[in-house]
Amino acid sequence: MNSVVLEKAKRLGLVSEKLDQWTPYPHQVPPDGDWRLWIMLGGRGSGKTEAGARYVLEHLRKYGSKARVGVGAPTIQSAREVCAEGDSGLISIAKHEFVWNRSLMEAKHKDGGYVKFQGAEEPARWNGPQWTLLWADELALWKRESYDQATFGVRLGASPRIIATTTPKAAKWVRALEEESGTVTTHGTMYDNPALALSAVEALERRYS
């Protein structure tokens, strides 16, 4: 990582002195400016899930008891297995900072923030809760109505935001979001993630090239 990117990461609080030290790669660093929605497009192995989880973690550390975070995935199962308990999931990367209620799919951060994990199968699940931050994983596989209901609730705090980590699938409504004011789109591939094992790169190449 070059010095400019490293300094930006430090300024954003992404380079931590805590137990879970992490230095993001350039494609995992959030964009500058006053954005509402950050769409991070990336293929398998690009590190987009960890980038999303780390952004949520720093949001919780920064806003403390005022943080209310919604984390969604295409299904409730993927929300648990990828976004929460996966190798790069939020609970996995900072287990010592959370009280995790697996049955309710809720987590309480040590600084007072609250996280709710949900699936996008039923749009009505998103009708009502309010968030300071929404993380939508694999947004291209969501139901559009679920996304709309979820974003209606992103209205708490001085700068409520949405981050979407997704593979670049041909979902027209997601492509339309990229053109909206307040949206920033970044791109990453598995080749941008030097932590990915060579054997994994080769396997992905054989399967998806």
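**Briefing: cores, helices and a buried histidine**

The buried residues of helix H5 are covered by elements that include E1, E6, strand E7 (161-166) and helix H6 (172-178). This is a predicted model. Its chain averages a pLDDT of 84, and 78% of the residues score at least 70.

**Helix H5**
- H5 spans residues 144-152.
- Its buried residues are Ser-146, Tyr-147, Gln-149, Ala-150 and Thr-151.
- Strands E1, E6 and E7 are among the elements that cover them, as is helix H6.

**Nonpolar cores**
- The largest nonpolar core holds 28 residues.
- Within this core, Val-56, Leu-60, Leu-90, Phe-98, Val-115 and Phe-117 touch the most other members.
- Four strands supply at least two residues each: E1 (37-42), E2 (68-73), E5 (114-119) and E6 (133-137).
- Helices H2 (48-63), H3 (76-84) and H4 (90-93) also give at least two residues each.
- H2 contributes the most to this core, with six residues.
- A second core is separate and has 20 residues, including Trp-131, Ala-136, Leu-139 and Ala-164.
- In soluble globular proteins, nonpolar side chains tend to be buried together.

**Helix H2**
- H2 has 16 residues, of which 14 are buried, so the helix counts as mostly covered.
- From first C-alpha to last, H2 reaches 23 Å, close to the 22 Å expected at 1.5 Å a residue.

**Phe-98 and His-109**
- Setting aside residues up to four places away in sequence, Phe-98 touches Leu-57, Leu-60, Leu-90, Ile-91, Ala-107, Lys-108, His-109 and Val-115.
- His-109 lies in strand E4, which runs over residues 106-109.
- His-109 has a relative accessible area of 2%. Buried means under 20%, so His-109 is buried.
- The side chains of His-109 and Glu-97 make a polar contact at 2.6 Å.

- The chain average is a pLDDT of 84, but over residues 1-6 the pLDDT is below 50.
- Beyond near neighbours in sequence, residues 1-6 have nine contacts in the model.
- Over residues 15-19 the pLDDT is also below 50.
- That stretch, residues 15-19, has 12 contacts in the model beyond near neighbours in sequence.

Technical notes:
Residues numbered from 1 in each chain as written. Predicted model: local features only at pLDDT ≥ 70, side-chain atom pairs only at ≥ 80, totals over all residues. Heavy atoms only, no water. Core = buried A, V, L, I, M, F, W, Y, C linked by side-chain atoms within 4.5 Å. Buried < 20%, exposed > 50% of the residue type's maximum accessible area, 1.4 Å probe, protein only. Contact = heavy atoms within 4.5 Å. Polar contact = N/O pair within 3.5 Å; in protein donor to acceptor, adjacent residues only side chain to side chain. pLDDT = per-residue confidence, 0-100. Expected span 1.5 Å × (residues − 1).
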